[in-house]
Amino acid sequence: MSANDPAFMARALELARKGVYSTHPNPRVGCVIVADGQIVGEGWHARAGEPHAEVHALRQAGARARGATAYVTLEPCSHHGRTPPCADALVAAGVARVVAAMQDPNPQVAGRGLLRLAQAGIAVHSGVLEEEARALNVGFLKRMEHGLPFVRVKLAMSLDGRTAMASGESQWITGPQARAAVQRLRARASVVLTGADTVLADDARLTVRPDELGLNAELTALAMTRPPQRLLVDGRLRVPLDAAFFRAGPALVATCAAAAARDRYHDDGHELLAVPAANGHVDLHKLLLALAARGANEVLVEAGPRLAGAFARLGLVDEYQIFVAPKLLGSSARPLLDLPLARMAEARALTIVDIRAVGDDWRIVALPAR
């Protein structure tokens, strides 16, 4: 490994992050072409169906790619999808060396891209800044490795752990900067999931609002070309079709009710997803399997204490993003999660990986302790 490999890979990762809001269902990938210690080509994957990062970087490098080193945040693909194999493009360009941050867990690639390069006489190396590369594509990796999307639960609470007044009033616990951060969480998700209780109580729409994202014009435009799928978990189809959630645009409804209403939803531009029941409610694990089969990498759960608590009880949460407001809502206000525990030994341990101020509020990122 060259002493400069981490620095050039860091630049490739920086480029890859530009696709955080737009590459679904593909991974976020960046590429840097280096000749004689200088970057001669850069690229990143912007949207599924469009050229991959390597193609953009090779086009920019032109003839200077011959004999150069290519730094790629994910193993170059070796199969024909909606675009030709990137491994073949690198071979044709005559690069001498390819450094990948990690191998691609996609069964259609899974080492074959690096093998194709090595068979063509190209020096290959993998594992440079792999941890950072994995963090960038946690959802894609989990879907490929486990057949499930990465589940991120967003919660907003007061300093005394309450999410709404006893009446259900909850707008607004947190300030505008925290709400903008939530908009960005929505924009990066494949699916934004909520429950019937939240929609009925808050008249929620769960849309991405471009003027609140706080992104530059380029990233905002990309985010709005691929908005997340809005998913309502409504086992008994309690939410009326004239609710704001449905008026906001096409939605997916997960239900275990009879499919007789399918045509009624379809006529309004929505889709019913039949999911088996578990204890009288939508089976959340089977729902996640179905979403992964549809190509969902990351699911953002924005729901009330009952549905969010159900994800927690079933061990389906990969990450909590908890926004804490410097307010006290009092003992009669609603709790963060419906998670009945009787003994201290039953407490759910979390590992806090980040705490930072967001305006007047604080954001805590925590992972369930494994």
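The model is predicted; local features need pLDDT of at least 70, side-chain atom pairs count only at pLDDT 80 or more, and totals for chains, interfaces and linings use all residues. Residues are numbered from 1 along each chain as its sequence is written, and side-chain values use heavy atoms, with hydrogens and water left out.

Nine strands form an open sheet in the order 11-10-9-8-14-6-15-18-17, and their pairing is mixed. Helices (H or I, at least four residues) and strands (E, at least two) are DSSP runs numbered from the N terminus. Two strands count as paired if DSSP finds at least two bridges between them. Strands of a sheet pair through backbone hydrogen bonds, either parallel or antiparallel. The edges are strand 11 (271-274) and strand 17 (350-358). Each has a single partner strand, so one side of each is left without a neighbour in the sheet. Neighbouring strands of this sheet are turned by 25° against each other on average, direction ignored. Axes are lines fitted to C-alpha atoms, for helices over the stretch in contact, and angles run from 0 to 180 degrees between N-to-C directions.

Strand 9 (residues 229-233) pairs with strand 10 (residues 252-255) in the parallel sense, over three bridges. Leu231 has Leu252 of strand 10 as its bridge partner. Two helices that pack on the sheet are described here. Helix 7 (residues 176-188) touches strand 6 (150-158), strand 8 (191-195), strand 14 (298-301), strand 15 (319-325), strand 17 and strand 18 (361-368). The direction of helix 7 makes about 160° with that of strand 15. Helix 12 (residues 284-293) packs on the sheet against strand 6, strand 8, strand 9, strand 10, strand 11 and strand 14. The direction of helix 12 makes about 160° with that of strand 9. Contact means heavy atoms within 4.5 Å.

Strand 15 is largely enclosed by the rest of the structure, because seven of its seven residues are buried. Buried means under 20% relative accessible area, exposed over 50%, and partly exposed in between (1.4 Å probe, protein chains only). Glu319, Gln321, Phe323 and Ala325 point one way from the strand, and Tyr320, Ile322 and Val324 the other way. Strand 6 and strand 15 pair in the parallel sense over seven bridges. Here Val153 stands opposite Tyr320. Strand 15 and strand 18 pair in the antiparallel sense over five bridges. In this pair, Phe323 stands opposite Arg363.

The unreviewed UniProt entry annotates His52, Cys77 and Cys86 as "binding site". These three are spread over 35 residues of sequence but cluster in space, with a largest C-alpha distance of 9.2 Å. UniProt positions are given in the numbering used here, feature names are shortened, and annotations may be inferred rather than shown by experiment. His52 lies in the loop between strand 2 (38-44) and helix 2 (53-61). Cys86 belongs to helix 3 (residues 86-93). Cys86 is buried, because its relative accessibility is 1%. Beyond its neighbours within four places in sequence, Cys86 contacts His52, Glu54, Val55, Pro76 and Cys77.

The structure holds one cavity of 30 Å³ or more. The largest cavity has a volume of about 80 Å³. Of its 13 lining residues, Asn26, Arg28, Arg188, Asn297 and Glu298 lie nearest the centre. On a 1 Å grid over the protein atoms alone, a cavity is a set of points where a 1.4 Å probe fits but cannot get out. A pocket is an open set with protein on both sides within 12 Å along at least five of seven lines, and lining residues have an atom within 4 Å of a point. Grid points are joined across faces, edges and corners, and a volume is the space filled by probe spheres set on the points.

The second largest pocket has a volume of about 1100 Å³. It is lined by 30 residues, of which Ala135, Val138, Arg152, Arg188 and Glu319 lie nearest its centre. Helix 5, helix 6 (138-146), strand 6, helix 7, strand 15, strand 17 and strand 18 each supply at least two residues of this lining.

Some backbone features remain. A cis peptide bond joins His24 and Pro25, with omega about 5°. Leu129 is not a glycine, yet has a positive phi of about 55°. Leu129 is partly exposed, at 24% relative accessible area.
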